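We will go stop by stop.

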Amino acid sequence: MLRLLAAAGVVAALIAIQQARTPAATGTAVRLAVLPFENLPGDATQDYFSEGLTEEVTVQLQRLAPRQMTVLARLPEPTGEAGRDRLKQIGREVNVEYLVEGSIRRDAGQIRASAKLVRTRDHAYVWTREYDRQLTHVPALESDIARDIASQIRLAVGGVGGADAGRQV
C-alpha cells in the first residue's frame, strides 16, 4: 500500500512539474502572427484563395492550442524585397516570436502553397513545407492545408514556450 501511495506521489509530482513548464502556467505562450499568403502570379482573380488560406491558417492555429499560442489578427503583407527585410521589425513592433508567411501559385488545375515559419529575432526558417494539390473544392482544400500547417507549426515550436523542439526544415 505504501508503494502504491509513493508511486502515486511521484506521478503527481511529475505532472505538477510538467504543468509548471507549460506556457499556460508560466504565462509564456508563444506569440505569432500570420502574414497574408502572397499570390505569386499577382492575378487579382486568384486573391480569394490566398486570402482564404491566410484566414484558415490563422483560425486553425488559434483553435489548435489557444493556451500555448497567441495568434495575432491579420497583419499587412510586407511587399517586395524591402518589405521582406522588415520581418524582424514587424516581429518587434507587434511583439511576436514567429511569423508565418507563405505563397500561392496556380497552374491550370494545380495549386502549390508554400508555408514558412520564421523566427523574428534572427530571420531563421524554423519550418517550411510545400503543398501540391488539385484545385478542387476550395474551402475543403484550404482547411486541409491549413490544418496541416497549424499542426506542423505547433510541433516546430515545441507546443510549449517557443522551444525549437520538433524542428523541421
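**Stop 1: Confidence**

Colour the model by pLDDT, the predictor's confidence in each residue, from 0 to 100. The mean pLDDT of the protein is 75, and 69% of its residues reach 70 or more. Residues are numbered from 1 along each chain as its sequence is written. This is a predicted model, so local features need pLDDT of at least 70, side-chain atom pairs count only at pLDDT 80 or more, and totals for chains, interfaces and linings use all residues; side-chain values use heavy atoms, with hydrogens and water left out.

Select residues 1-26. Here pLDDT stays under 50, and the model has twelve contacts beyond four places in sequence. Contact means heavy atoms within 4.5 Å. Now select residues 160-169. Again pLDDT stays under 50, with 35 contacts beyond four places in sequence.

**Stop 2: The nonpolar core**

In soluble globular proteins, nonpolar side chains tend to be buried together. A nonpolar core is a set of buried Ala, Val, Leu, Ile, Met, Phe, Trp, Tyr and Cys residues joined through side-chain atoms within 4.5 Å. Buried means under 20% relative accessible area, exposed over 50%, partly exposed in between (1.4 Å probe, protein chains only).

Select Leu32, Leu53, Val57, Leu61, Leu117 and Ile149. They have the most contacts inside the largest core, which has 31 residues. Which elements each supply at least two residues of this core? They are β1 (30-34), α3, β3 (69-72), β4, β5 (110-119), β6 (124-134) and α6 (138-156). Helices (H or I, at least four residues) and strands (E, at least two) are DSSP runs, numbered from the N terminus. The largest share, eight residues, comes from α6.

Zoom in on Leu53. Leaving aside neighbours within four places in sequence, Leu53 is in contact with Phe37, Ile104, Ala113, Glu142, Ile145 and Ala146. Then find the second, separate core: its six residues include Leu35, Leu72, Val96 and Leu99.

**Stop 3: Asn39**

Select Asn39, in strand β2 (residues 38-39). Is Asn39 buried or exposed? Asn39 is buried, with a relative accessible area of 12%. Beyond its neighbours within four places in sequence, Asn39 is in contact with Gln46, Asp47, Ser50 and Ile104.
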